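Student: I have a structure open and would like to go through it with you. Can we start with one residue and then look at the whole chain?

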Amino acid sequence: NADVAAAQARLARIDATLEDRTLTAPFAGMVSKLDILPGETVDTNPVVTLIADGDFELTARIPEIDIGKLLVGQSANVTFDARANETLTAAIEYIAFEATEIDGVAYYEARLKLNTEPAWLRSGLNADIDIIINESTNALRIPKRFISINGIEGTIRTRVGEDTTSTTVGIELV
């Protein structure tokens, strides 16, 4: 019995040593970069870059002048430089409470999650993100400079030949 107990103790010590020398990822993914060779000693510097399977998130910096227009859950249209002819949809998942100052301007980080992730998506791609603040259907879009706004109504002046006429229109989005 003593020999069996001693062997089990040695086996437990070997298992503990192996456990101490094994790197285990906290999530499933793909190793994209390895900064260590077999036999090298690991210190506190990163040794592996791991990209998660799916679950990409977009990070946008929103200037302080626009941050009050955003809410978690708002939709966005996303166009990546890698596929400029394809527009994806996303939603805001997080908006930072603390600003980061860049060149004297306060920016807030917003994280967005794509509704569907195409197979071509890769880490580090640049994207143009259009966050939808307001929407309206069956409406005519007219630049503000052509409308005289009075409350919820506006007046548009149009020219027909030499004559000018005014038309009253309802304002849905400003």
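Student: Which residues does Lys33 touch, leaving out those up to four places away in sequence?

Tutor: Lys33 touches Val47, Val48 and Thr49. Contact here means heavy atoms within 4.5 Å.

Student: Before we go on, where does the model come from?

Tutor: This is a predicted model, in which local features need pLDDT of at least 70, side-chain atom pairs count only at pLDDT 80 or more, and totals for chains, interfaces and linings use all residues. Residues are numbered from 1 along each chain as its sequence is written, and side-chain values use heavy atoms, with hydrogens and water left out.

Student: Ok, where is Lys33?

Tutor: Lys33 lies in strand β1, residues 29-34. Helices (H or I, at least four residues) and strands (E, at least two) are DSSP runs, numbered from the N terminus.

Student: Why does Lys33 count as partly exposed?

Tutor: Because its relative accessibility is 46%. Buried means under 20% relative accessible area, exposed over 50%, and partly exposed in between, with a 1.4 Å probe and protein chains only.

Student: And Leu34, what does that touch?

Tutor: Leu34, also placed in strand β1, touches Val47 and Val48, not counting residues up to four places away in sequence.

Student: Is Leu34 buried or exposed?

Tutor: Leu34 counts as exposed, because its relative accessibility is 57%.

Student: Back to Lys33: how many Å is it from Phe97?

Tutor: Lys33 and Phe97 are 32 Å apart, C-alpha to C-alpha, and 64 residues apart in sequence.

Student: Switching to the whole chain, how many helices and strands are there?

Tutor: The protein chain has two helices and 11 strands. Along the sequence the pattern is α-β-β-β-α-β-β-β-β-β-β-β-β.

Student: What is the radius of gyration, and what would a compact globule have?

Tutor: The protein chain has 29 Å, whereas a compact globule of 174 residues would have a value near 16 Å. The radius is taken over C-alpha atoms, and the globule rule is 2.2 Å times the number of residues to the power 0.38. The C-alpha atoms fill a box of roughly 110 × 35 × 35 Å along the principal axes.

Student: What percentage of the residues is buried?

Tutor: Buried residues make up 17% of the 174 in the protein chain.

Student: Where does Gln74 sit?

Tutor: Gln74 is in the loop between α2 (64-67) and β4 (75-80). Gln74 is buried, because its relative accessible area is 12%.

Student: What does Gln74 touch there?

Tutor: Not counting residues up to four places away in sequence, Gln74 touches several residues, including Ala90, Ile92 and Ile132. A polar atom of the Gln74 side chain also lies 2.6 Å from the backbone nitrogen of Leu71, and one lies 3.3 Å from the backbone oxygen of Lys69.

Student: Last one, Asp103. Buried or exposed?

Tutor: Asp103 counts as exposed, because its relative accessibility is 78%. Asp103 lies in the loop between β6 (100-102) and β7 (105-114).

Student: What is phi of Asp103 near?

Tutor: Phi of Asp103 is near 50°, a positive value in a residue other than glycine. The C-alpha atoms of Asp103 and Arg10 are separated by 60 Å, and the two are 93 residues apart along the chain.

How values were computed. A polar contact is a pair of N or O atoms within 3.5 Å; within protein, one must be able to donate a hydrogen and the other to accept it, and residues adjacent in sequence count only if both atoms are side-chain atoms.
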